Amino acid sequence: MPGMVNRLLINRIKERLNDNKAIILLGPRQVGKTTFLHSLIGEENLSKTLWLSGDEPDMRNILSSISSTQLKQLIGPAHTVIIDEAQRIPNIGVTIKLITDQLKGIKVIATGSSALELANSINEPLTGRKWEFTMYPLSTEELSLHY
């Protein structure tokens, strides 16, 4: 995106796009997690991406207690599933575990602004199944690379 600051985190996440683990992107509100992922999808040509939002009440209800069969139907032909605002979805750790364990070849990327709340719901179910990154407000280094 023109005018967008390149985040140093992008290469670390790109390196992990082709393995079987989920990517969890944590950070404060308005730090740019969603914009960052839109940019990543464009750069990596992830055309078969399903974007789900924990802000949507119907999505929260669906994802909080879903079977692997239902997940397969929901995901369809997508190869990447992004769950934005995942901290708002009850039992999201179990849902992400089902995708990583039962639906091979599907990459899950989840974002959350409430690090403690999301960490509490994903840590146990996703032990050994996730990469966790934290996005902070822009660093001096990122700003100096932009200007």
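The model is predicted, so local features need pLDDT of at least 70 and side-chain atom pairs count only at pLDDT 80 or more, while totals for chains, interfaces and linings use all residues. Residues are numbered from 1 along each chain as its sequence is written, and side-chain values use heavy atoms, with hydrogens and water left out.

**Overall fold**

- The protein chain contains seven helices and five strands, where helices (H or I, at least four residues) and strands (E, at least two) are DSSP runs numbered from the N terminus.
- Read from the N terminus, the elements follow the order α-β-α-β-α-α-β-α-β-α-β-α.
- Of the 147 residues in the protein chain, 42% are buried (buried means under 20% relative accessible area, exposed over 50% and partly exposed in between, with a 1.4 Å probe and protein chains only).

**Nonpolar cores**

- The largest nonpolar core has 23 residues, and those with the most contacts inside it are Ile75, Ile83 and Ile96; such a core is a set of buried Ala, Val, Leu, Ile, Met, Phe, Trp, Tyr and Cys residues joined through side-chain atoms within 4.5 Å.
- Two or more residues of this core come from each of strand S1 (22–26), strand S2 (49–53), helix H3 (57–64), helix H4 (68–75), strand S3 (80–84), helix H5 (92–102) and strand S4 (107–112).
- Apart from this core lies another, of 15 residues, which includes Leu17, Ile23, Val31 and Leu40.
- Leaving aside residues up to four places away in sequence, Ile96 touches Ala22, Ile24, Ile83, Val108, Ala110 and Leu126.

- In H5, the residues Ile92, Gly93, Thr95, Ile96, Ile99 and Thr100 are buried.
- These residues lie on the same side of H5, because they cover an arc of only 165 degrees around the axis, the arc being that of the directions from the helix axis to the C-beta atoms.
- Helix H2 (33–44) buries Lys33, Phe36, Leu37, Ser39, Leu40 and Ile41, and its buried residues pack against helix H1 (9–14), S1, S2, S3 and S4.

**Positive phi angles**

- Most residues other than glycine have a negative phi.
- Glutamine 30, in the loop between S1 and H2, has a positive phi of about 65 degrees although it is not a glycine, and Gln30 is exposed, with a relative accessible area of 82%.
- Asparagine 91, in the loop between S3 and H5, has a positive phi near 60 degrees and is partly exposed at 47% relative accessibility.

**Salt bridges**

- The structure holds six salt bridges, each being a side-chain nitrogen of Lys or Arg within 4 Å of a carboxyl oxygen of Asp or Glu.
- Arginine 129 and aspartate 101 form one of them, with their closest N and O atoms 2.9 Å apart.
- Because Arg129 lies in the loop between helix H6 (115–122) and strand S5 (130–134) and Asp101 in helix H5, the pair ties together parts that are 28 residues apart in sequence.
- Arg129 is partly exposed at 25% relative accessible area, and Asp101 is partly exposed at 24%.
- A network of salt bridges links Lys97, Asp101 and Arg129.

Notes: Contact = heavy atoms within 4.5 Å.
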